[in-house]
Amino acid sequence: MNWDTVKGDWKQFKGKIKEKWGKLTDDDLTTVAGRRDQLLGKLQERYGYAKDQAERELDEFSRNLSS
């Protein structure tokens, strides 16, 4: 799924993101507001992911949304 679609429907996708990454707070998701780079940073911060791992996880997540 195109990240622009996720950003456009952010409120809808926040719940799915929270299901996948429960350590992200509502405040985190409000701050991110659909911005992919911000979400990558939060994943790195909360989960200790390296940048490439965070990108892989997020890419896989967005691919699965369209299935």
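**Reading rings, buried residues and packed helices**

Me: Y47 is partly exposed, with a relative accessible area of 23%. Where do the limits of buried, partly exposed and exposed lie?

Reply: Buried means under 20% relative accessible area, exposed means over 50%, and partly exposed lies in between, with a 1.4 Å probe and protein chains only. Y49, at 14% relative accessibility, therefore counts as buried. Please keep in mind that this is a predicted model, in which local features need pLDDT of at least 70 and side-chain atom pairs count only at pLDDT 80 or more, while totals for chains, interfaces and linings use all residues. Residues are numbered from 1 along each chain as its sequence is written, and side-chain values use heavy atoms, with hydrogens and water left out.

Me: How many aromatic pairs does the structure hold?

Reply: A pair of aromatic rings is described by the distance of the centres and the angle of the planes. The structure holds two such aromatic pairs (rings of Phe, Tyr and the six-membered ring of Trp, with centres within 6.5 Å; stacked if the planes are under 30 degrees apart, edge-to-face if over 60, and tilted for the rest). W21 and F61 form a tilted pair, because their ring centres are 5.1 Å apart and their planes stand at 55°. This pair links distant parts of the chain, since W21 is in the loop between helix 2 and helix 3 (26–32) whereas F61 is in helix 5, 40 residues apart. Both W21 and F61 are buried. Y47 and Y49 form a stacked pair, with 5.4 Å from centre to centre and 25° between the planes.

Me: At what angle do helix 2 and helix 5 pack?

Reply: Two packed helices are described by the angle between their axes and the distance between the axes. Helix 2 (residues 10–20) and helix 5 (residues 51–65) pack at an angle of about 130°, and their axes are 12 Å apart. The helices here are DSSP runs (H or I, at least four residues), numbered from the N terminus, and each axis is a line fitted to C-alpha atoms over the stretch in contact, with angles from 0 to 180 degrees between N-to-C directions. Helix 2 and helix 5 are therefore oblique to each other (under 35 degrees is roughly parallel, over 145 roughly antiparallel, 65 to 115 roughly perpendicular, and the rest oblique). In this packing, F13, K16, I17 and K20 in helix 2 meet E57, F61 and L65 in helix 5, where contact means heavy atoms within 4.5 Å.

Me: Which residues is F13 in contact with, leaving aside its neighbours within four places in sequence?

Reply: F13, in helix 2, is in contact with M1, T5, V6 and L65 once those neighbours are left aside. F13 and L65 are 52 residues apart in sequence, yet 9.2 Å apart in space from C-alpha to C-alpha. F13 has 4% relative accessibility and so counts as buried.

Me: Which residues of helix 4 meet helix 5?

Reply: The axes of helix 4 (residues 36–47) and helix 5 come within 9 Å and cross at roughly 120°, which makes helix 4 oblique to helix 5. R36, L39, L40, L43 and Q44 in helix 4 meet K51, A54, E55, L58 and D59 in helix 5. K42 is also found in helix 4 and, leaving aside its neighbours within four places in sequence, K42 is in contact with L24, D28 and V32.

Me: Does K42 count as buried or exposed?

Reply: K42 counts as buried, because its relative accessibility is 16%.

Key:
Helices (H or I, at least four residues) and strands (E, at least two) are DSSP runs, numbered from the N terminus.
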